[in-house]
Structure formats: C-alpha cells, structure tokens
Amino acid sequence: MNKIQVITSINHEEVEFLCEPQETLLDVLRDTLGRTGTKEGCATGDCGACSVLVDDRLVCSCLVLAAETGGREITTIEGIATEEGLHPIQQKFLDHAALQCGVCTPGLIIATKSLLDRHPDPDETTIRYWLAGNLCRCTGYDKIVRAVQDVARDLAGPA
Amino acid sequence: MEAFAYVAPSSIDEAVAELARHAKKGHRTQVLAGGTDLLVQMRGADIEPRILVDIKNVAETNRLHLGNNEIFIGAAIPSAVLNENAELVELLPGLLEAADLIGSTQIQGRATLGGNLCNASPAGDTIPAMIAVGVSCVIAGGKGQREMPVEKFVVGVGRNALEAGEFLVGLKIPRPKSRAADAYLRFTPRTEMDIAVAGCGVSVTLDAKGLCKEARVAIGAVAPTAILVPAAANALIGTTLDDAALAAAAAACSDAASPITDKRGTIDFRRKVVGVLCRRATAIARDRALARKVLGV
C-alpha cells in the first residue's frame with residue numbers, strides 16, 4: 001500500500017490521518033474522520049455542498065486531494081459554532097428559514113463566512129455572485145440572500 | 001501501473017527529476033496545480049492510475065512579480081489570489097476578467113492560469129486573453145528551461161506542446177506601456193459559470209495622438225484551439241479605432257473562425273458572434289488605454 005501520512009489542522013485542532021494518493025479532502029473528512037457535516041453533492045466542483053476553507057480560502061473539498069493538506073488550516077462547518085452557541089450566520093439562516101433539506105446549508109454557511117470575512121458590507125449582486133457556486137434545490141436563493149444581508153447588517157453594528 | 005501515487009517536489013529541479021524518474025519506469029505522470037480539471041477527470045473520463053506531481057510547493061510556480069518591464073505569474077497561483085492584487089488587475093484587466101469568468105468562488109480559489117492553459121480546452125477563457133497580451137510560457141524540463149509564445153502552446157483539443165518530462169512554470173507578460181490596455185469578452189447563454197460559445201481577447205497600444213500602433217487580437221471557442229488573428233490586428237493598427245476599423249477587425253475574426261455546430265451554438269452563430277465580441281472588446285480596450293495616460297513606466 002502507498003498510504004500517505006498527513007498532519008494537518010482542522011478547526012484549530014491537530015489531526016493526523018492516512019490517505020490514498022487519489023483520495024479527496026472530502027473523502028477523508030467524511031469517511032476517515034467521520035466529520036459528516038461537510039456534504040457530498042456532485043463531487044465535481046459544481047454544487048458547493050462540500051465547501052470548506054483551506055488557509056482561509058474557500059474551496060470545494062471534493063477538488064482538493066487530502067494528501068495536499070499537510071500543514072494547512074482547514075475550517076469545516078463543525079468549526080463554525082462556538083461553546084456559546086450558533087454562529088450569527090447559522091442563526092440568521094434559521095431565522096429566515098433559508099434552508100429546507102439542509103444538504104447545501106453547510107457549504108452555504110462556509111461560503112457566507114468567507115464572503116463576509118472579505119466583504120463585510122456586500123451588496124446583493126456581490127452576495128449572489130459569491131454564492132453562485134452553492135446550489136440549493138429546495139429553498140430558492142431569495143431567503144438565503146436575505147439571511148446573508150441580515151447577518152452583514154448585524155455584524156456592521158448600529159449605523 | 002496499479003495504484004496512484006502523489007509527490008510534491010519543492011523545487012523546479014526536483015519536479016523535473018520526479019517527472020523523469022517515473023517516466024523512466026514507464027509510469028504515467030501528470031502535473032497537479034489547482035486540480036479543478038484534473039480531479040474531475042480522475043473521477044470520470046480518465047480514471048487510470050498515475051503519479052500526481054503537485055507543483056504547488058515549487059516557489060517559482062507561486063511567484064508573482066510586477067516588474068518595470070515584465071510581469072511574471074507563476075503557473076500555480078489561484079485566480080482568486082490574482083484577482084485580489086489590485087495593481088495586477090489595473091495592469092491586465094482583460095486577462096484578469098477572463099480568469100474571473102471561470103467557475104465559482106470555490107473554483108477560483110484553486111483554478112490557475114497555468115492549468116487553464118495546459119488543459120487546452122478550445123473554450124478556455126484565459127487562453128485568448130493570454131494570447132492578446134503576448135504571454136510567453138516558461139517551461140522547465142530535463143534540458144533546462146525554454147520559453148514559447150502562448151499562441152504556439154496549445155496544439156489541439158486538450159493537447160499542449162509540453163514534451164515528456166516538462167512542466168509549465170509560469171507566464172511572462174510584457175508590462176503594458178502607458179496608453180496600452182487589454183479586454184476580454186465571451187458569449188455564454190447564462191450570466192455565470194458557463195463555457196464560452198465564443199470569446200475574444202484584444203490588446204491595443206495607442207500613440208500620443210490616439211492612433212493604434214500595436215494590437216493583438218485572439219479568438220476562442222471557434223476553432224480547435226484559441227488563435228491569434230493577425231488580420232484583425234492589422235485592421236486596427238494605424239487607425240483611431242473608429243467604427244470602420246472595429247468593423248474590419250470584426251470581419252477578420254469572423255473569417256478566421258472555423259467553428260463547429262454543437263448544442264451550445266451553430267457555425268453561423270459563432271462566426272457572427274465572435275466578430276461582435278471583437279468589436280466590443282476592442283472598444284473597451286481602446287477606452288481603457290485612453291484613460292490610462294500615465295500608467296506604466
């Protein structure tokens with residue numbers, strides 16, 4: 001066997017795993033590490049359900065080899081909420097009913113975090129383009145966009 | 001070969017040595033940069049095991065340098081990183097908007113100009129844009145490094161000019177002078193995340209009187225490879241880039257196209273649209289050049 005040993009950091013916790021050369025980060029997150037919050041949709045980079053941050057860069061984990069992630073900082077949906085409770089993005093998705101079946105939701109939450117980290121006050125066009133790689137087949141995008149706008153308003157604080 | 005392997009060399013020499021070592025054993029090798037094409041192919045069209053040679057740990061493939069005379073873009077830099085560099089976007093707006101048209105935010109977090117070029121799709125958006133700005137490809141191999149004009153790099157559908165044991169290190173681009181600018185436009189049925197039905201990249205350099213003294217025009221998705229259209233450039237040079245010149249360049253692009261009919265567009269449609277794109281992209285490049293009086297060195 002030519003398994004590869006990888007030491008990386010997932011949600012600020014050091015993690016060590018063995019992977020096959022062709023295994024993706026998504027495969028390892030879900031099947032090896034049991035972190036099934038990150039969803040598999042298309043496995044070809046079209047749907048965004050598997051979105052994670054690698055060194056704060058938004059990527060599809062289905063298009064990243066696990067073997068490439070040594071020494072990186074990976075953020076998955078499991079790292080978004082804190083001891084105190086849900087992240088404001090998660091809370092606003094609930095408040096606006098911006099989800100139904102929930103399969104796209106982890107990817108959308110991660111993509112929204114990446115958006116707001118870079119553009120704290122995005123206009124609607126920016127939001128829609130940034131999230132264009134996250135497909136939702138239930139809710140439609142309007143409630144999602146409203147939820148993101150609401151979080152941005154809250155994070156900006158009182159005007 | 002029965003199983004995949006993954007190696008991540010940390011220098012050009014090491015990468016070349018890895019490619020040579022595995023080739024000598026008769027193993028298939030493939031270079032990995034952003035992986036947005038490669039990993040999809042590995043799951044579908046081409047599942048055969050191979051040695052994946054990840055070039056992202058090679059410093060030169062990550063180097064971005066905006067020199068006084070020349071710009072260097074490492075082959076493995078994700079397009080999102082390039083588009084976050086305001087000076088680069090200001091210098092090469094056409095090339096960067098071509099990169100920004102490819103894929104979602106997630107894809108752009110990984111996809112590279114080098115990968116778009118090596119993948120050699122007839123519809124690769126950055127390829128006509130690269131031809132327009134006169135990219136020279138820096139290639140490393142067992143015999144050292146060589147350079148090749150980008151319009152010669154893609155030799156067929158999905159085929160590039162790299163020889164066994166070679167890989168693309170980066171792209172050299174002449175720094176645009178004052179009163180020079182580029183633009184890229186494509187036609188897609190959707191506004192976002194689609195593949196070009198036709199595309200056109202243009203760069204123009206104006207003299208002090210506003211006459212076009214240099215031009216490069218390239219078209220994509222209307223032939224087996226993106227192609228340079230010298231006849232279109234010749235129609236622009238010596239003019240003020242007025243409507244008549246733009247129409248002549250557009251006609252030259254339509255003439256140079258040899259498109260196919262598929263579900264995305266017919267031969268006649270592609271031929272017409274590529275001319276329209278040439279006309280509009282040239283007007284954008286012209287207006288950018290006019291607005292850019294003091295930029296450059």
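Predicted model: local features only at pLDDT ≥ 70, side-chain atom pairs only at ≥ 80, totals over all residues.
## Domains of chain B

Let's start with the overall division. Chain B falls into three parts: domain 1 covers residues 5–54, domain 2 covers 59–174 and domain 3 covers 180–290. Taken over C-alpha atoms, the centres of domain 2 and domain 3 of chain B are 20 Å apart.

## Where domain 2 meets domain 3

The contact between these two domains of chain B draws on 24 residues from domain 2 and 26 residues from domain 3. If you want to find the domain 2 side in the structure, look for α5 (93–100), α8 (126–132) and β8 (154–156) of chain B, the elements that each give two or more residues to it.

What is the make-up of that side by class? The side of domain 2 of chain B that touches domain 3 has 15 nonpolar residues, along with six polar and three charged ones.

## A helix pair in chain A

Now over to chain A, where helix α2 (residues 88–95) and helix α3 (residues 105–118) have axes that come within 10 Å and cross at roughly 125 degrees.

Which residues bring the two helices together? From α2(A) come A:I89, A:Q90 and A:F93, and they meet A:T105, A:I109, A:T112 and A:K113 of α3(A). By class, this contact of α2(A) with α3(A) has three nonpolar, three polar and one charged residue.

How values were computed: Residues numbered from 1 in each chain as written. Chains lettered and ligands numbered in written order. Domains from an automatic or database assignment. Contact = placed C-beta atoms within 7 Å. Helix = DSSP H or I, 4+ residues; strand = E, 2+ residues; numbered from the N terminus. Nonpolar A, V, L, I, M, F, W, Y, C, P; charged D, E, K, R; others polar. Axes fitted to C-alpha atoms, helices over the stretch in contact; angles between N-to-C directions.
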